[in-house]
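Student: I would like to go through some labels on this model and ask what each one rests on.
Tutor: Go ahead; each answer will set a value against a cut-off.

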Amino acid sequence: MNQYTVIGILAHVDAGKTTLSEALLFQAGVIRKQGRVDHKDAFLDTNPLERERGITIFSKQAILPLPEKTITLLDTPGHVDFSAETERTLQVLDAAILVISGLDGVQSHTETIWRLLRRYNVPAFIFVNKMDISYLGKDSLISELKRKLSPGCAEFSPDRPREELAEELAECSEELMNAFLDGGEISDELISAAISRREVFPVVFGSALKLKGVEELLETLGKYSRQ
């Protein structure tokens, strides 16, 4: 039976939220060409005012079919002036993708969004964008995420040893620690449950414009997001 999950995509303005939405839709085969905000042809920015200003003003949705489930992707405004629209969207989400610019790291509005996610108890996946032009390293950014957002932020990379990830996740909850101590590993089901309880926040690094890390993000969403 196909599972349906509602996931919102949120970010500080200029973090690349709409670009990531386009990349996800393109990678999943929903659209045949990646639109761009600066080219005024983004798939989800259909309002003339949005195209004129190059920003998302209204929340809109698209269907993202994955092998494991079908995701309804909600693109939300990133500009602080339209945060009320974003807050309304949070009330219907099963999970969120928080986009952070690898150039800027965690901004003040990012922390505001994080507090709203906590208030509405929304599980979060983090995509650190623009890594192709960032001078900040992964270690530095992960340290900032752990310090400013949550110690549960952990890099979910396909080339990261499973044991290394399990060792880090074991520090996020007693249940994960017990599983790790019992067998030296943590099952996908336990990880998914910990994400749902907001104990773990998967982090994927990449560049939406260059389609780097986008497939990894889709795989992480497909494997670990819950309804």
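**Salt bridges and burial**

Tutor: Asp 75 is buried, with a relative accessible area of 0%. This is a predicted model, in which local features need pLDDT of at least 70 and side-chain atom pairs count only at pLDDT 80 or more, while totals for chains, interfaces and linings use all residues. Residues are numbered from 1 along each chain as its sequence is written, and side-chain values use heavy atoms, with hydrogens and water left out.

Student: Why is Asp 75 called buried?
Tutor: Buried means under 20% relative accessible area, exposed over 50%, and partly exposed in between (1.4 Å probe, protein chains only). Asp 75 has 0%, so the residue is buried.

Student: What makes the contact of Asp 75 and Lys 17 a salt bridge?
Tutor: The term requires a side-chain nitrogen of Lys or Arg within 4 Å of a carboxyl oxygen of Asp or Glu. Here the N to O distance is 2.9 Å, so the pair meets the definition. Helices (H or I, at least four residues) and strands (E, at least two) are DSSP runs, numbered from the N terminus.

Student: Is Lys 17 buried or exposed?
Tutor: Lys 17 has 6% relative accessibility and therefore counts as buried.

Student: What makes Asp 188 and Arg 162 a salt bridge?
Tutor: Their side chains meet at 2.8 Å, N to O. Asp 188 lies in helix α8 and Arg 162 in helix α6, so the pair ties together parts 26 residues apart in sequence. Asp 188 is partly exposed at 29%, and Arg 162 is partly exposed at 34%.

Student: Which residues of α8 are buried?
Tutor: In α8 (residues 188-196), Ile 191, Ser 192, Ala 193, Ala 194 and Ile 195 are buried.
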